[in-house]
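Please look at the sequence and the structure below before reading on. The paragraphs that follow go through the parts one at a time.

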Amino acid sequence: MNFNTAEFLLLFLPVQVILFYVVRPRFRLFILLLGSIFFYGMSSDIAGFLLVNTILWAGGIGYISSKMIHNSGWLTLAIFPPFLLLFLFKYLDFTLTAVDPNDQLRSSFQFILKYALPAGISFYTFQIASYLIDVHDGKVEREKNPLVFAVFAAFFPQLIAGPILRFHELRDQLRFIAAERNLRPDFPRAFKFISVGLAYKIFLADVLRRFQETHDVSAGGGSLDAAYAVLAYSFIIYFDFWAYSLMAIGLAKLFCIELPRNFLEPYKSTSPREFWRRWHVTLSFWLRDYVYLKIGGNTAYIRNIAIVFLACGLWHGAGWNFLIWGGYHALLVIAHHLAREPWGRLPGFVQITITFMFVSLGWPLFYNGIEEYGALISVLFAFQAPTDTAQFGYGDWLYLAIPALIVFATREDRWLFNENYNRFLDSPLFHAGLTGLSLMFLNFGRTFIYFQF
Amino acid sequence: MTARRYLIIYLSAILVLGIGVSTLSGWGSDPYNPRTAFRDVKPGQILIDNGIKEWDRIEIRIDKTLDEGPPRIGLFGSHVTQYLSAEEIGYSDNDVMNYFVMHIGLPEIAIVLRHLEANNALPKETILVHLHHPHSPNWEHIIYGIWELPIFYYVKYSRRRISHTIRDVVRMAGARMRDRLGLENTLFNIIDGPVLGCDAQHGIMAVDETSDVEPKPPAVKQNGTIRKTLIAMGLMKAPRRVFNPACGPTTGLRRDGSSGFQRSSFKADIVPDGEALKPNPLAAGSAAEIVRQMQGIAETGRRNGRRVVFFVPPIYEKPRESDRSNMLDMAVSKARGEGMQVIDHRLLRHERELFFSQIYTSPRYLRRLLTELNR
């Protein structure tokens, strides 16, 4: 189920919230689990089946094997099935294309290939793996309450597109809501984040996507049109993903759960390295803790950075374009590392501009195959005029300026995550209006991009 | 502000907005009973479908079938088949009835057929089932539902696992709410009438009187209250008889179930060379699913002694290789291997006279199809 659908906002969510608050505290986790499985099962039976079985496996193996959990063989056994499912449902098609161009093997795997990629499988697999690794490393205690673990793995606000949580971030909060009689939900912030997130998604990400895909730049577009396409991709993906995360934070607050911010104004980063500390923060830290540090960290910086970013690319999608995108970011981070001294002498706004430009040049790989990407970039750097008239007109550029202004000319700490009450921006009437307006435009909405990961 | 106070104000505001929008959305629609009205439609006329929802449009035709008896041939397909009018090529609605639904594919055609079967109203001889052309914009709907049928059809006839039925009902309820609250049905409902003077029409109209390009008749003669007032006050010039896209065409259902209106603005521009198709939205292996769903429909026909013929209408295009086409090739070949009858007309793509536009085929195509059916 998508956050930006009427069935979620007007049916599922109200029922879930009401049930959560009318039942006794000890049933709250059960309601959350049931709702989360229903929410996820709405996409398909197979998706629900995989999720439930992954939870049963990971929770069960953590629960029953108390003496063996520090054994590395145990860890391999524990994380193998979830990663196997991830491979089969996400990477098998890509792997077969790469190793079996004549499709001789493909027919043997049709029983798996016929299923669409279960939404968010990468997210919950990583989250569950982090629990198992942390238990193995002794960083967290294995959870003895199966409901706490199951809700941690399936909590619907963050299940499909993150943030990727660590067990210790949720455990105490879940125990608290299962015990506390009088919860004090932060409704003002919850609805603020939901309404702003929904508006971001519908009015920025989706509308911009409509403008952007009106024209095929490689067919007669000029360099300025290509620049528009690249910049539009940048803002579309940011506002799409940030909208989801923001709504997730707001939705979790309705149930008295605090989720971490997944985006810390990443386009204001002064270097590619900083960008990855501000973009999809929970994934960056997951890769740092469970891949980068495990393979040696700074002892072989360049090699390990390359490995981590290639893995990051593959995590985002099973395709050469994603692999190249990961490699491109590895290059950016390594180049910055090598040139950090002269880089540090540049004025801050120059650093931000260059970082933003380089990051933006990579985003079209998220949407296009390698050939289309090459065509777009070649038009961009040919510095040519369009064959007839410019594809993107003043109106398009004007609309593009709106997300650009929000990103570069405002500070979220002052209006979105502000501590002091703002009479207009924190007003319930403003948020109700924003929600109502967004509901009227739901027909124009699209699936969140990160659902495919 | 306390959380409780915030919640009360927020929810009250949402409620007021919702009721307001919902009221505006329903304003002026369905001033009469279209189901009764449809029975009075005569050849050469249409029942204007302004304000009639998709799930009502199919019910109107099915109600007529239940009342007056089934046709000899029933055509079940998506909007691509909507202009296949038996009436225009000299048949009556007793011969061929068109049951098109906008984005319908195999799973929901199966549901409609089960509903007709349960009511002993299946077409007497032949069931013609549209298979989506792989290059059409709605190709993926060939095996996926779109929730445009009446809600009880799903509950009663989907014959799927309970999880599927629950999913269908929830999504459909969402689609209904989205439709009710959506911009098209609220803002446009207001500005179409009083502001732009389009004056949505209802009831029965002769096809000859319809138009797809102009306000009907010129806006100043209509009930565009605000516009008329502004013109009377000299604050606005009387508009010339020009194309007003906000008004849209007057379309409606012919007696034979097809969609009728004058199509003077339709053009059949051939697909330019090399126009790229988007990647195949269907997962690898979907050919087997297409065949499985075809089998279900063929079985309904077999059970009732009806002939089931699947057909793929052409698209006006230059030859294009694609994964999508390969997938349908596989499905068609497998279905034929299992004894199903499939008429694949993709190669008729060059025959200009069969098309109204790139994707819409004309009644001439229906003639071609029926001729082939009789062979």
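Two strands pair if DSSP finds at least two bridges between them. Helices (H or I, at least four residues) and strands (E, at least two) are DSSP runs, numbered from the N terminus. The model is predicted, and local features need pLDDT of at least 70, side-chain atom pairs count only at pLDDT 80 or more, while totals for chains, interfaces and linings use all residues. Residues are numbered from 1 along each chain as its sequence is written, and chains are lettered from A and ligands numbered from 1 in the order in which they are written.

Begin with chain B. Strand β4 (residues 126-130) of chain B runs parallel to strand β8 (residues 307-312) of chain B, and 5 bridges join them. One of the residues involved is L128(B), whose bridge partner in β8(B) is V309(B). These two strands belong to an open sheet of 5 strands in chain B, in the order β3-β2-β4-β8-β9, with parallel pairing. Which strands stand at the edges? They are β3 (96-98) and β9 (341-344) of chain B; each has a single partner strand, so one side of each is left without a neighbour in the sheet. On average, neighbouring strands of this sheet are turned by 20° against each other, direction ignored.

Two residues are in contact if their C-beta atoms, placed from the backbone, lie within 7 Å.

Now turn to chain A. An automatic or database domain assignment supplies the domain bounds, and chain A is divided into domain 1 (6-179) and domain 2 (187-446). The C-alpha centres of these two domains of chain A lie 26 Å apart. Their contact takes 22 residues from domain 1 of chain A and 22 residues from domain 2 of chain A. On the domain 1 side, α1, α4 (72-99), α6, α8 (156-159) and α9 (167-179) of chain A each supply at least two residues.

Helix α6 (residues 121-137) of chain A has 17 residues, which at 1.5 Å a residue should span 24 Å, and its end C-alpha atoms are 24 Å apart, which agrees. The expected span is 1.5 Å times one less than the number of residues. Is α6(A) buried or exposed? Of its 17 residues, 14 are buried, so α6(A) is largely enclosed by the rest of the structure. A residue is buried if 20 or more other C-beta atoms, placed from the backbone, lie within 10 Å of its own, exposed if 12 or fewer, and partly exposed in between. Just after α6(A), G138(A) takes a positive phi of about 80°.

Two residues other than glycine also have a positive phi. Phi of C256(A) is near 60°, and C256(A) is found in the loop between α11 (223-254) and α12 (272-278) of chain A. With 19 C-beta neighbours inside 10 Å, C256(A) counts as partly exposed. Phi of N120(B) is near 50°, and N120(B) is found in the loop between α4 (106-118) and β4 of chain B. N120(B) is exposed, with 10 other C-beta atoms within 10 Å.

Notes. Axes fitted to C-alpha atoms, helices over the stretch in contact; angles between N-to-C directions.
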